[in-house]
Amino acid sequence: MAHRHAVPGRRAALTALGALLATGLPSAVAAEPAPPAGPLPSTAQTLGADRPSAALLRALERDLGLTRAQASRRLINEAEAGTRAGLLRNALGNRFAGAWLRGATSQELVVATTKAADVPAIKAQGATAAVVKKPLRDLVAAKRKLDGAAARVGTHDTPLWYVDVPANRVTVEARTRAAAAAFIKAAGLDAKGVAVKVTAIRPRLLADITGGDAYYINDAARCSIGFSVTKGTQQGFASAGHCGKKGDTTTGFDRTAQGTFQASTFPGKDMSWVAVDDRWSTTANVRAEGDQKVQITGSVQALVGAAVCRSGSTTGWHCGSIQQHDTSVSYAQGRVDGLTRTTVCAEPGDSGGPFVAGVQAQGVTSGGTGDCSSGGTTFYQPINALLSDYGLTLKTAAVPSAPPQGNVTQAWAAGRVYEAGATVLHAGVRYRCLQTHQAQGAWAPTRTPALWLRV
């Protein structure tokens with residue numbers, strides 16, 4: 001069945017990409033089922049990338065060495081590239097080997113394939129083609145074997161492993177080559193197929209001081225609010241799992257009673273959410289530089305190479321870029337899988353705070369290395385996994401959405417988290433997801449070709 005649908009899906013993706021190039025806007029295939037009147041918004045308009053805050057632009061200028069015009073252009077380019085990458089992912093199928101961005105303004109989208117015959121089609125859609133040996137699915141499968149080995153053997157001397165998409169390889173960072181070799185062998189992988197980087201640096205959790213707005217756990221430790229969320233009518237916020245356990249109580253930045261941890265996962269993942277009482281009102285805001293606010297409009301996952309910014313009260317508002325998704329980190333306190341690695345700096349006390357790409361929520365600060373004086377690496381727990389695991393809805397500045405209804409569905413529904421490649425039915429038509437996101441009420445497939453392809 002899957003093979004029967006694969007070819008039409010690829011043709012549809014290439015047809016839609018042709019329309020994208022011709023008009024400069026994302027476009028679905030013809031014969032949409034009675035969409036609302038009026039022009040469809042561009043990807044940048046859908047994701048709010050054309051309306052960045054002054055605080056966001058200033059931080060991008062400072063941390064990435066951009067002019068104001070370059071920062072604005074980069075946000076728009078990254079939004080549009082996400083849709084292009086999603087369409088090409090569907091078109092290439094099992095030959096797809098990943099996508100990433102290059103250039104000061106992310107003007108270059110690189111799409112990798114395992115077949116040289118795909119190069120003309122990729123170039124025709126305005127992307128740079130890279131021909132590599134391994135499809136993304138094989139790299140992900142190898143990384144999963146390392147995850148399995150980590151459950152059986154110690155990872156104190158192999159604290160980091162991930163899929164390096166631009167390099168087309170799985171990489172293990174270890175204290176010694178011998179430790180890396182033992183870990184790779186335990187996973188049943190060929191050592192020749194895994195890159196090893198020897199480093200004495202070990203990521204650590206950033207737990208005890210606030211990032212973003214402060215909150216206190218059991219009147220002792222401090223962490224930071226990530227993003228506002230809801231579950232039904234209950235308001236709350238997302239944060240890091242290592243900040244507190246289920247049942248722990250919290251007080252706010254003013255030390256008044258605030259809420260209670262409803263769920264917390266650490267290790268394995270680094271996620272939690274806190275339900276707040278009626279005295280606290282959640283918003284779609286993230287605190288940026290100079291006490292300004294960024295309003296979150298969704299949670300569309302950014303590509304490798306995209307700019308990303310973090311809020312934290314210890315070090316303030318800092319930006320960098322995404323290096324890898326789906327990274328495994330072995331902290332001294334336990335292993336965490338599925339983190340995203342960034343070049344954003346952070347210091348102890350920034351834990352739990354929000355990562356954003358433009359106005360799209362990306363994740364909550366987990367841990368890292370280095371500092372904001374000499375630079376460093378910071379990892380975040382992706383927000384979409386947190387929302388999906390706990391059945392939460394991200395609070396956004398967009399039209400309010402319905403609460404999630406479960407993980408398995410055929411009909412599109414606002415509030416659900418959809419992974420790239422997932423298929424849904426909407427208005428009697430089948431669509432495939434182009435970019436991982438939580439569906440907002442205003443983002444029905446008929447209105448958001450930036451996120452959905454008719455197949």
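Cysteine 372 counts as partly exposed, because its relative accessibility is 24%; the class lies between buried, under 20% relative accessible area, and exposed, over 50%, with a 1.4 Å probe and protein chains only. Its partner is cysteine 345, and the sulfur atoms of this disulfide are 2.0 Å apart; a disulfide here is a pair of cysteine sulfur atoms within 2.5 Å. With 95° about the S-S bond, the link of cysteine 345 and cysteine 372 is right-handed. Cysteine 345 sits in the loop between β19 (334–342) and β20 (354–357), and cysteine 372 in the loop between β21 (360–371) and β22 (375–382), so the pair ties together parts 27 residues apart in sequence. Strands (E, at least two residues) and helices (H or I, at least four) are DSSP runs, numbered from the N terminus. Cysteine 345 counts as buried, at 9% relative accessibility.

A word on the model. It is predicted, so local features need a pLDDT of at least 70 and side-chain atom pairs count only at 80 or more, while totals for chains, interfaces and linings use all residues. Residues are numbered from 1 along each chain as its sequence is written, and side-chain values use heavy atoms, leaving out hydrogens and water. pLDDT is the predictor's confidence in each residue, from 0 to 100; the chain averages 87, and 87% of the residues score at least 70.

How many disulfides does the count come to? Three. One of them joins cysteine 223 and cysteine 243, with sulfur atoms 2.0 Å apart. The torsion about that S-S bond is about -85°, so the disulfide of cysteine 223 and cysteine 243 is left-handed. Cysteine 223 is buried at 1% relative accessibility, and cysteine 243 is buried at 8%.

Cysteine 309 is joined to cysteine 319, S to S 2.0 Å. Cysteine 309 is in strand β17 and cysteine 319 in strand β18, ten residues apart.

Those two strands come up again with helix α3 (residues 54–64). Its buried residues pack against α4 (68–92), β17 (307–312) and β18 (316–331), and they include Leu56 and Leu60. Just after α3, glycine 65 takes a positive phi of about 65°.

Last, threonine 155, in the loop between α6 (136–150) and β4 (160–164). Threonine 155 is buried, at 9% relative accessibility. Leaving aside neighbours within four places in sequence, threonine 155 is in contact (heavy atoms within 4.5 Å) with residues including Trp161, Arg202 and Ser330.
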